[in-house]
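Q: Could you walk me through reading the features of this structure, one at a time?

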Amino acid sequence: MKYKIVENSPFARIARLVLKSSNVAMVLGRTIHLSGVKRDSFLRDKGWVAHELCHIRQFQEHGYLRFLWLYLRESMRVGYYNNKYEVEARIAGLKGEIDLPVAQKADSSIKPTELPLPVDIRKES
Ligand SMILES: [Zn+2]
């Protein structure tokens, strides 16, 4: 899949400030915006990468603006954690972690946030 990574993204930084989180990955179209996490450490986290790549696929599948709308509507209906786009991405993330030991899997859970965008934070261990 074709995608781009932007480190120190101003968009992700705003999300990070709003969320008071130390790290944020946010997908807009084919671009993964990072703040508080370096490209290298992000790419090493297979589960996280698989999760965000799933959001990129969702953007491609539904179209840019349409997906933003669907994501927001889904969140308003069922909440962020149960948002079907986040559920799908979480499953993709677990599959991406298939090679990791169980202890590490539990550690690297990626949490959706309360923002009406596909913004995720990595739970600090
Ligand atoms: Zn997500």
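A: Gladly. Two strands pair if DSSP finds at least two bridges between them. Helices (H or I, at least four residues) and strands (E, at least two) are DSSP runs, numbered from the N terminus. With those terms in hand, Lys-4 stands opposite Thr-31 in E3. One caution: this is a predicted model, where local features need pLDDT of at least 70 and side-chain atom pairs count only at pLDDT 80 or more, while totals for chains, interfaces and linings use all residues. Residues are numbered from 1 along each chain as its sequence is written.

Q: In which sense do E1 and E3 pair, and over how many bridges?
A: Strands of a sheet pair through backbone hydrogen bonds, either parallel or antiparallel. Here strand E1 and strand E3 (residues 31-35) take the parallel sense, with 3 bridges.

Q: What is the order of the strands in the open sheet?
A: The order is E1-E3-E2-E5-E4; the sheet has 5 strands and its pairing is mixed. Strand E1 (4-6) and strand E4 (110-112) are at the edges with a single partner strand each, so one side of each has no neighbour in the sheet. Ignoring direction, neighbouring strands are turned by 25° against each other on average. For such angles, axes are lines fitted to C-alpha atoms, for helices over the stretch in contact, and the angles run from 0 to 180 degrees between N-to-C directions.

Q: Which pairs in the sheet are antiparallel?
A: E2 and E5 pair in the antiparallel sense over 2 bridges, and Met-26 stands opposite Val-119 in E5. E4 and E5 also run antiparallel, joined by 3 bridges, with Lys-111 opposite Ile-121 in E5. A hairpin of 6 residues connects E4 to E5.

Q: Which helix packs on the sheet, and which strands does it touch?
A: For contacts, the rule is that the C-beta atoms of two residues, placed from the backbone, lie within 7 Å. Helix H1 (residues 10-19) packs on the sheet and touches strand E2 (24-28), E3 and strand E5 (119-122); the direction of H1 makes about 130° with that of E2.

Q: Is Ile-32 buried or exposed?
A: The test counts other C-beta atoms, placed from the backbone, within 10 Å of the residue's own: 20 or more is buried, 12 or fewer is exposed, and in between is partly exposed. Ile-32, in strand E3, is buried because 27 other C-beta atoms lie within 10 Å. Leaving aside residues up to four places away in sequence, Ile-32 touches Tyr-3, Ile-5, Ala-25, Val-27 and Glu-52.

Q: What is the phi of Asn-8 and of Lys-20?
A: Most residues other than glycine have a negative phi, and most peptide bonds are trans. Asn-8 has a positive phi of about 50°, and Lys-20 also has a positive phi of about 50°. Asn-8 sits in the loop between E1 and H1 and counts as exposed, with 12 C-beta neighbours inside 10 Å. Lys-20 belongs to the loop between H1 and E2 and is exposed, with 7 other C-beta atoms within 10 Å.

Q: At what angle do H3 and H4 cross?
A: Two packed helices are described by the angle between their axes and the distance between the axes. The axes of helix H3 (residues 46-62) and helix H4 (residues 64-78) come within 7 Å and cross at roughly 115°. That makes H3 roughly perpendicular to H4 (under 35 degrees is roughly parallel, over 145 roughly antiparallel, 65 to 115 roughly perpendicular, and the rest oblique). Gln-58, Phe-59 and His-62 in H3 meet Tyr-64, Arg-66, Phe-67 and Leu-70 in H4.

Q: How do H3 and H5 cross?
A: The axes of H3 and helix H5 (residues 84-96) come within 7 Å and cross at roughly 140°, which means that H3 is oblique to H5. Residues of H3 in this contact include Trp-48, Ala-50 and Cys-54, and those of H5 include Tyr-85, Ala-89 and Leu-94.
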